[in-house]
Amino acid sequence: MSAARPPRALAGLFVWRLKGAGTRHIPCPFLHLYRAANDRLITFQYFNFLKRMYVTQHNRDLSQRAKPKSDPVVSPFHELQQLDQEKKVIHKISPVSPAHQPWPETSGRHELREVKSPAETEATAVRAEPREDRQWKEMKLRLDELPGILARLSKIKLTALVVSTASAGFAMAPVPFDLPCFLLASLGTGLASCAANSINQFFEVPFDSNMNRTKNRPLVRGQISPLLAVCFAASCGVPGIALLTLGVNPLTGALGAFNIFLYTCCYTPMKRMSIANTWVGAVVGAIPPVMGWTAATGTLDAGALLLGGILYSWQFPHFNALSWGLREDYSRGGYCMMSVTHPGLCRRVALRHCLALIGLSAVAPVLDITTWTFPIISLPINLYISYLGFRFYRDADRSSSRKLFFCSLWHLPMLLLVMFTCKKSALEKEDKGDLLGKGESHGRAVEIRLP
Amino acid sequence: MAAVPLLLLLRAGGSCRRHRRLLTASSSSSCSAGGGRAAERGERPDSAGLGFSPPAHSHNDWIGPPDKHSNLRPVIFYVPPEESPLERRLREARQEAQACNQRFWARHNCAFRQEKEEFIYSRLKAKGLEMRDEKGQKATLNAEEMADFYKDFLSKNFRKHMQYNRDWYKRNFTITFLMGQVALARALRWLRWKKKNVER
């Protein structure tokens, strides 16, 4: 990943609320995300609200295969290689010809390439990386490479996404928009996310080495020492939580600290112990919008829990669909995932939570977070993802899992966008209150509208 | 007739078995504590087997391409001429962890590949198909058929993974803690040296 290129999700990451004009800017990050979903340069990580990185890259090939490294020279392992050259093997590291993998299942449109680095999908990068990979490198920290290394260590794109869900939570809170608080909350959440991701990578070095998507991480490649990774995590986490606790409010700080703990000390080890890790991971993904809400309001009320609930439910179709294509890697790597051990449960849970999204969207106006237009406008996209969830449940094959996964990528930003545009304005609520109270004159209401 | 696919199978597993014999035999599946080799001062003990020698002037460790079987990157550790006991403990801990990880993953990945081949063979046989079709291409099973194998393999190796995890976490923490101690010691040494220079 080049340090020079700024993550796209960071562009335009703010929400304005102009009181007087009553106009609303559509949050830019969601448009970016939507556009980016169609861009094949985006990686899966870009849309992953879970801090789980053992899923494959968004390169239209969601499967991984165990295979010995191909030798440029014919070796005694030649037989083994021949036997392993199944039609479906994707990785053919050959500096001479571009990576070309026949994939009988997909249509001609989806020209598949094994992507070596998390960020670069251009042909030159694909060809150059394997050559670099074969060389011995000095384990010396180069300062000019450090920003890029730290960005990859902290999974900066994923962090940006986490921050955008937190800002969605902040934006949905029914209080006047407070810019300094918003910025502090976003920064604090971002730092906490960086810390958690770094510790996760620190714990998982040998496992990451064995999975194709994660094998180019800084710790795996020896570009940074474990000590430095831990120091970086501490230097992000401590100021981040301190910022949230002191600069925003203690509740948000506590949630941030709890989320770091949940992710690094519960979810990461649990991935290798029990399938319950998926549920823990869903909670991890659900907490950032709750943090955004509590940063704005200072209280953990029903609206926060609803937003958290929507994110929680979304994780399941998203992750379960994705994990369907990674069963071989999980099995070999020793990861306990539903898709491997309880495939029926995997599909049932995905469908269940797709349907739950419809229900949760309907609860939003009841809690006065949005108007009733929200469940109506969001119904088509919720029904569509539920339909794909049903197809996945019934067919249980690669194509249905892929369709569900790709749908989830645009479904969430769209849902949050629609939610924001249908947000019940404070003015409406005040008017409602006036009407109910029957105490105030119309003039008073007009006064409130003036900036 | 059945001997042909059997032969192929044997050859498939052969390279892995050969490799396993070359590795230090350890009966337990988890990493057993092996003594680190006493390194000669100023020499790099591990470079011989890896086909690479770092340049003599370099004072850093060198990391290589991923291993064929274990997918782990081997490291050749630099032994400084005045290596303190603490630094030596750190280096030996890292060497031990590297050897242990290499053993585990090479064996594990080989076992996976072998068992996968055996599974495919048995399933194809049950279906009445040969390992290779008319065009000479290897016959495969689709993902749904392989799912049984993946589930089975994961549950069979669960305990092995639990042991390895515990081992790995312990080693990782120890190494990082030692790194911290070494860094602190070096920093203090540097400060003392600076102070001495300033006083002069």
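Asn71(B) has a relative accessible area of 9%, which makes it buried (buried means under 20% relative accessible area, exposed over 50%, partly exposed in between, with a 1.4 Å probe and protein chains only). Keep that residue in mind for Exercise 1.

Before you start: this is a predicted model, where local features need pLDDT of at least 70, side-chain atom pairs count only at pLDDT 80 or more, and totals for chains, interfaces and linings use all residues. Residues are numbered from 1 along each chain as its sequence is written, chains are lettered from A and ligands numbered from 1 in the order in which they are written, and side-chain values use heavy atoms, leaving out hydrogens and water.

**Exercise 1. Where does Asn71(B) lie, and what is its phi?**

Step 1: find the spot. Asn71(B) is in the loop between β1 and β2 of chain B (strands, E, are DSSP runs of at least two residues, and helices, H or I, of at least four, numbered from the N terminus).

Step 2: check the backbone. Most residues other than glycine have a negative phi. Asn71(B) is not a glycine, yet its phi is positive, near 65 degrees.

Step 3: You'll find Lys155(A) in the loop between α4 (146-153) and α5 (156-172) of chain A. Lys155(A) counts as buried because its relative accessibility is 4%.

**Exercise 2. In what order do the strands of the sheet run?**

Step 1: count and order. The open sheet has 3 strands, ordered β1(A)-β1(B)-β2(B), with antiparallel pairing (strands pair if DSSP finds at least two bridges between them).

Step 2: pick out the edges. β1 (137-138) of chain A and β2 (75-76) of chain B each pair on one side only, making them the edge strands.

Step 3: zoom in on the pairing between the chains. β1(A) and β1 of chain B (residues 62-63) are antiparallel and joined by 2 bridges. Opposite Lys137(A) you'll see Ile63(B).

Step 4: recall what holds such strands. Strands of a sheet pair through backbone hydrogen bonds.

**Exercise 3. How do α10(A) and α11(A) pack?**

Step 1: get the geometry. α10 (residues 250-270) and α11 (residues 277-297) of chain A have axes 9 Å apart and an angle of about 165 degrees (axes are lines fitted to C-alpha atoms, for helices over the stretch in contact, and angles run from 0 to 180 degrees between N-to-C directions).

Step 2: name the arrangement. α10(A) and α11(A) are therefore roughly antiparallel (over 145 degrees; under 35 is roughly parallel, 65 to 115 roughly perpendicular, the rest oblique). Their crossing is left-handed (the near helix is turned anticlockwise from the far one by less than a right angle; clockwise is right-handed).

Step 3: sort the residues. Among those in contact are Leu251(A), Phe258(A) and Tyr263(A) from α10(A), and Val280(A), Ile287(A) and Met291(A) from α11(A) (contact means heavy atoms within 4.5 Å). The tally for this contact is 16 nonpolar, 6 polar and no charged (Ala, Val, Leu, Ile, Met, Phe, Trp, Tyr, Cys and Pro are nonpolar, Asp, Glu, Lys and Arg charged, the others, Gly among them, polar).

**Exercise 4. At what angle do α11(A) and α12(A) pack?**

Step 1: α12 spans residues 302-323 of chain A, and it packs against α11(A) at about 145 degrees, with the axes 8 Å apart.

Step 2: this crossing is right-handed.

Step 3: the contact includes Trp279(A) and Trp293(A) of α11(A), plus Phe316(A) and Phe319(A) of α12(A). By class, the contact of α11(A) with α12(A) has 13 nonpolar, 6 polar and no charged residues.

**Exercise 5. How many charged residues are in the contact of α15(A) with α16(A)?**

Step 1: α15 (residues 343-366) and α16 (residues 373-395) of chain A cross at roughly 175 degrees, their axes coming within 8 Å. α15(A) is thus roughly antiparallel to α16(A).

Step 2: on the α15(A) side, the contact includes Arg347(A) and Arg348(A), while Phe374(A) and Tyr393(A) are among the α16(A) residues.

Step 3: the tally is 17 nonpolar, 5 polar and 2 charged residues.

**Exercise 6. Which residues does Ile224(A) touch?**

Step 1: Ile224(A) is in the loop between α8 (218-221) and α9 (226-248) of chain A, and its 5% relative accessibility counts as buried.

Step 2: leaving out residues up to four places away in sequence, Ile224(A) touches Ile149(A), Leu150(A), Leu153(A), Pro218(A), Leu219(A) and Ala229(A).

**Exercise 7. How many helices do chain A and chain B have?**

Step 1: chain A has 19 helices and 1 strand, and 59% of its 451 residues count as buried.

Step 2: chain B has 5 helices and 2 strands, in the pattern α-α-β-β-α-α-α along the sequence. Of its 200 residues, 47% count as buried.
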